[in-house]
Amino acid sequence: MPVPDAGAPAVSRRATVVGVVAVAVGGGAAAAVLNAGPATPGGGPATPQTGVTAPAKATAGITRSDLVDTRRFGGTLGYSGRRVQPNRARGVVTGTRPEGTVVRRGGWLYKVARRPVVLMYGSIPMYRSLAPGSGGGDVGQLERNLVALGYDPGTVDDDFTWATARAVRRWQGDSGLTRTGSVDAGQVVVASGPLRIAGNTAEKGDTAGRTVVTTTSTRRTVHIDLQTAYQRFARVGAKVTVELPDGRTVRGRISSVGVTARVGADRDSPATIDVDATVAGGLGRLDQAPVTVDLRTERRENVLSVPVEALVALREGGYGVRVVDGSATRVVAVRTGLYAVSRVEITGDGLTEGMKVEVPRT
């Protein structure tokens, strides 16, 4: 995360070091403070005034790259499109699917009075009965499903003809439905694609009420209740990294960002917005599992950076780095930019990629 610059002054060729800088990054201090005294031209820091021998030093390179900072948020891994499906069949529930079952076109979601309620694909819900003489986009949708299931309704159009009725009767017979040649809203559920059984809201023997089953899509998603204070970090298409319950990490992208804030449960709970991210990889069948999500919060492109522990505090104020040049060292004052994980962006007179700087030996 960005740390306020200490306001380093103009570079001084006689910059003196008062200590290795301890900067908290990711919850831990980067280095312990050491009263190192003035820089010496030939062999690293002078012996501290306390008389304790200074720790041996190692070197690290100044690199040029993109720096990305992240923040970590809690999320929930599940499936998108959760919906309590409305039921229009009447009678006693006689069949349900196990949770996690994926139902595709032509498959049944549940059964009422031993008659299956079948899934078909489309965008128009079954809001009426379709029979010979019916016309409209929902008829064309039905005919396209019949073709996909292997039944010939004749010309695929928006007219329910005798050929459509013949195909419907054949489909009904093969599906365990009464061969009526017409289709009513209690026989079909329409969705845009395969549905996954998320849970049954009724059991065998129950009277079928307003709903029997809750479904989701088969697309994996991570949901984040993001505090509104951080909503600027959530942009559609932005990359995220998700840590799964077993410790593995997978990558994803933000797919949607809510625009309406929800007030917290009490005055101490912050308002949140809904953020969803799609993820891929070997996710297993986990549903509603807690995960950790890293969102990119800031990015600096093509900048010089060093390990955070390379920073030293200058007597003149601000920070510096101790550049190693052969057997000699010199202190160069720097201005700091983005702190990202274990590295920090720096600018300073004469600093270039590939130079070596001192860091504490681990």
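Which strands form an open sheet, and in what order? Hold that thought for a second while I say what we're looking at. This is a predicted model, where local features need pLDDT of at least 70 and side-chain atom pairs count only at pLDDT 80 or more, while totals for chains, interfaces and linings use all residues. Residues are numbered from 1 along each chain as its sequence is written, and side-chain values use heavy atoms, with hydrogens and water left out.

Okay, back to the sheet. Four strands make it up, in the order E8-E15-E14-E10, with antiparallel pairing. At the edges sit E8 and strand E10 (102-103), each pairing on one side only. When I say strand or helix, I mean a DSSP run, H or I with at least four residues for helices and E with at least two for strands, numbered from the N terminus. Two strands count as paired if DSSP finds at least two bridges between them. Inside this sheet, E14 (residues 195-200) and E15 (residues 211-216) run antiparallel over four bridges, and Arg196 has Thr216 in E15 as its bridge partner.

Is Val84 buried, exposed or partly exposed? Partly exposed, with a relative accessible area of 48%. The scale there is buried under 20% relative accessible area, exposed over 50%, and partly exposed in between, using a 1.4 Å probe and protein chains only. Leaving out residues up to four places away in sequence, Val84 touches Thr211, Val213 and Thr214, where contact means heavy atoms within 4.5 Å. Also, the C-alpha atoms of Val84 and Asn200 are 9.4 Å apart, although 116 residues separate the two along the chain.

Now the whole chain. We have two helices and 25 strands. Of the 362 residues, 42% count as buried. Take the contacts between residues at least 6 apart in sequence: 65% of those join residues at least 24 apart.

Next stop, strand E23 (residues 328-340). Ten of its 13 residues are buried, so E23 is largely enclosed by the rest of the structure. What does E23 pair with? On one hand there's E22 (residues 319-325), joined to E23 by seven bridges and antiparallel. Val324 has Thr329 as its bridge partner in E23. That hairpin has two residues between the strands, and Gly326 takes a positive phi near 70°. On the other hand there's E24 (residues 343-347), which is antiparallel to E23 with four bridges. Here Ala340 has Arg343 as its bridge partner. This is a hairpin as well, with two residues between the strands, and Val341 in the turn has a positive phi of about 55°.

One more set of strands, around E19 (residues 272-279). E16 (residues 220-227) and E19 run antiparallel, joined by seven bridges, and Gln227 is partnered with Thr272. E18 (residues 249-257) also pairs with E19 in the antiparallel sense, over five bridges, with Val257 standing opposite Val275.

On to the helices. H2 (residues 162-175) has 14 residues and reaches 20 Å from its first C-alpha to its last, close to the 20 Å expected at 1.5 Å a residue. That expected span is 1.5 Å times one less than the number of residues. Which residues of H2 are buried? They are Ala163, Thr164, Ala165, Ala167, Val168, Trp171 and Gln172. As a reminder, an α-helix has 3.6 residues a turn, so residues three or four places apart point the same way. The buried residues of H2 pack against strand E12 (115-121), H1 and E13. Just after H2, Gly176 takes a positive phi of about 85°.
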